[in-house]
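Let's take a friendly walk through this structure together. Please have a look at it first, and then read on.

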Amino acid sequence: GDQLPGEYDLAAALPASLGTIQKALSRLVEQGVIVRRHGSGTFISDQSDQLHDLWHFRFLGDDGRSLLPVFTRVKSIKKTSEDGDWSHFLGVDRPLLCIERQIDVNGEFMCLGRIYLDAERFSEILNLEISDLDNTNIRSLLRQNYDVPTVRITEQVGAEIFALNICDLLKLKKHTTGLVCHILGYEFRGAPISYQVVYLPPHARRLEIRPRTN
């Protein structure tokens with residue numbers, strides 16, 4: 001979390017040229033050792049406290065290649081009977097399990113994610129401590145703890161006006177328009193396993209979306 005001196009300050013203090021220092025810093029960014037934040041500077045990354053197994057939250061850094069660090073915090077794990085695209089996709093006529101997460105992208109902006117699962121099939125998740133799921137890939141959890149791998153996903157992305165409760169949670173102005181990513185997960189034989197919705201506020205970072213199978 002400590003902030004590094006600027007490039008010119010490093011060049012003045014170290015026996016290396018500015019070009020060499022810039023290349024070294026770029027390499028450290030690619031390795032995830034340091035992070036660059038617009039308007040703030042360069043900081044040492046807390047690698048032990050970030051989500052490394054990135055499937056969807058792949059935001060590109062200034063160089064267009066390195067990935068920005070992402071940190072997730074679970075806000076709630078609960079059953080819900082709320083009807084929506086998730087309930088139609090999962091096709092179960094009973095309450096669903098909803099895991100709501102706050103997604104911090106490089107300390108620059110927050111996103112909101114909700115993952116819906118069959119509450120009866122994955123009821124044990126309700127017994128977990130919320131903090132146990134921080135910076136955890138939920139699909140890896142399903143594979144390791146339940147032997148239920150996600151073999152295919154489909155991502156649908158569009159610009160939408162956020163609902164008022166989403167604006168409140170992300171501390172945005174009412175009727176803010178942002179990206180909404182719907183991520184549909186399938187297990188063997190095309191059976192639906194999970195439905196995830198991610199709300200991304202307006203920002204200047206580029207989101208990389210690419211096919212992924214497990």
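A word on exposure comes first: a residue is called buried under 20% relative accessible area, exposed over 50%, and partly exposed in between, using a 1.4 Å probe and protein chains only. The model is predicted, so local features need pLDDT of at least 70 and side-chain atom pairs count only at pLDDT 80 or more, while totals for chains, interfaces and linings use all residues. Residues are numbered from 1 along each chain as its sequence is written, and side-chain values use heavy atoms, with hydrogens and water left out.

Start with R189, in the loop between strand 8 (177-186) and strand 9 (192-200); helices (H or I, at least four residues) and strands (E, at least two) are DSSP runs, numbered from the N terminus. R189 counts as exposed because its relative accessibility is 86%. Most residues other than glycine have a negative phi. R189 is not a glycine, yet its phi is positive, about 60 degrees.

Now find D147, in the loop between helix 4 (138-146) and strand 7. Its phi is near 55 degrees, again a positive value in a residue other than glycine. With 64% relative accessibility, D147 counts as exposed.

Strand 7 itself holds V157. Is V157 buried, exposed or partly exposed? V157 is partly exposed, because its relative accessible area is 41%.
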